[in-house]
Amino acid sequence: MKLDGFTVRLRPSLRCALAIAEEHGPEPADFCGKLFKGHLGIVADLFAQGIEDGEQRARALAWLTGSGPLRKRMEGVSLPLYRFTLRLAGADPDARATTSREPSRPVAFNKALAELFGFATGILHWSPDAAWRATPHEIAQAMRVWRKAQPGYEPSDEERAEAALSNTFDRQAFESLRNMMT
């Protein structure tokens with residue numbers, strides 16, 4: 001994220017997600033709402049928890065409390081921080097939306113984060129530090145791969161359709177390359 005001439009890197013780690021959820025509400029909608037209302041505390045906490053490099057964190061917090069109109073600074077960071085909060089929730093804001101045939105049951109965000117931590121440390125045997133530093137999306141992806149490796153795993157209809165579409169595109173790309181070479 002660019003802040004008036006310098007760049008900071010935010011990492012949506014599990015540790016960051018849990019700290020934000022504990023401070024600003026148990027659900028992503030709670031802290032996203034605060035962000036769009038211009039709540040200075042959520043921005044400061046996202047910087048404090050999401051920026052791992054100490055020098056970058058200090059510069060970002062100093063920038064936030066600097067001189068000039070606060071509203072302008074808040075407007076400049078709202079959208080990038082909103083995208084960051086989506087990543088904290090384990091979502092990829094750049095991913096294409098998928099349609100799921102199975103309705104999902106609501107799960108409390110804090111409980112979901114705790115389950116991700118438990119899966120990373122208990123099933124995958126990651127160290128607690130590695131689990132805290134991983135993003136919810138990374139752990140969820142590892143969970144999907146692990147489930148597929150289990151004996152008796154059967155892919156869902158949606159997974160089968162995705163694989164068939166992927167194979168079709170792979171075959172078409174291979175044929176295009178082969179035609180280019182002849």
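Predicted model: local features only at pLDDT ≥ 70, side-chain atom pairs only at ≥ 80, totals over all residues.
1. **α3 against α4.** Helix α3 spans residues 40-50, and helix α4 spans residues 54-64. Their axes come within 9 Å. The crossing angle is roughly 165°. Angles over 145 degrees count as roughly antiparallel, so α3 and α4 are roughly antiparallel to each other. The crossing of α3 past α4 is right-handed.

2. **Residues at the α3/α4 contact.** From α3 come Leu 40, Val 43, Ala 44, Phe 47 and Ala 48. They meet Arg 57, Ala 60, Leu 61, Trp 63 and Leu 64 of α4. By class, this contact of α3 with α4 holds nine nonpolar residues, no polar ones and one charged residue.

3. **α3 against α5.** Here the axes lie 10 Å apart. The packing angle is about 55°. α3 and α5 are therefore oblique to each other. α3 passes α5 in a left-handed crossing, whereas its crossing past α4 is right-handed.

4. **Residues at the α3/α5 contact.** α3 contributes Leu 40, Val 43, Leu 46, Phe 47 and Gly 50. On the α5 side are Leu 70, Met 74, Val 77, Leu 81, Phe 84, Thr 85 and Leu 88. The class count for α3 with α5 is 10 nonpolar, two polar and no charged residues.

5. **The nonpolar core.** The largest nonpolar core has 34 residues. Within it, Leu 3, Val 43, Phe 47 and Leu 81 touch the most other members. Elements giving two or more residues to this core are α1 (14-24), α2 (28-36), α3, α4, α5 (70-88), α6 (109-123) and α8 (136-148).

6. **Leu 3.** Which residues does Leu 3 contact, leaving aside neighbours within four places in sequence? They are Val 8, Phe 47, Ala 60, Trp 63 and Val 77.

7. **Ser 78.** This residue sits in helix α5. Is Ser 78 buried or exposed? Its relative accessible area is 14%. Buried means under 20%, so Ser 78 is buried. Not counting residues up to four places away in sequence, Ser 78 touches Leu 35 and Phe 36.

Note on methods
Residues numbered from 1 in each chain as written. Heavy atoms only, no water. Axes fitted to C-alpha atoms, helices over the stretch in contact; angles between N-to-C directions. Helix = DSSP H or I, 4+ residues; strand = E, 2+ residues; numbered from the N terminus. Parallel < 35°, antiparallel > 145°, perpendicular 65-115°, else oblique. Left-handed = near helix turned anticlockwise from the far one by under 90°. Contact = heavy atoms within 4.5 Å. Nonpolar A, V, L, I, M, F, W, Y, C, P; charged D, E, K, R; others polar. Core = buried A, V, L, I, M, F, W, Y, C linked by side-chain atoms within 4.5 Å. Buried < 20%, exposed > 50% of the residue type's maximum accessible area, 1.4 Å probe, protein only.
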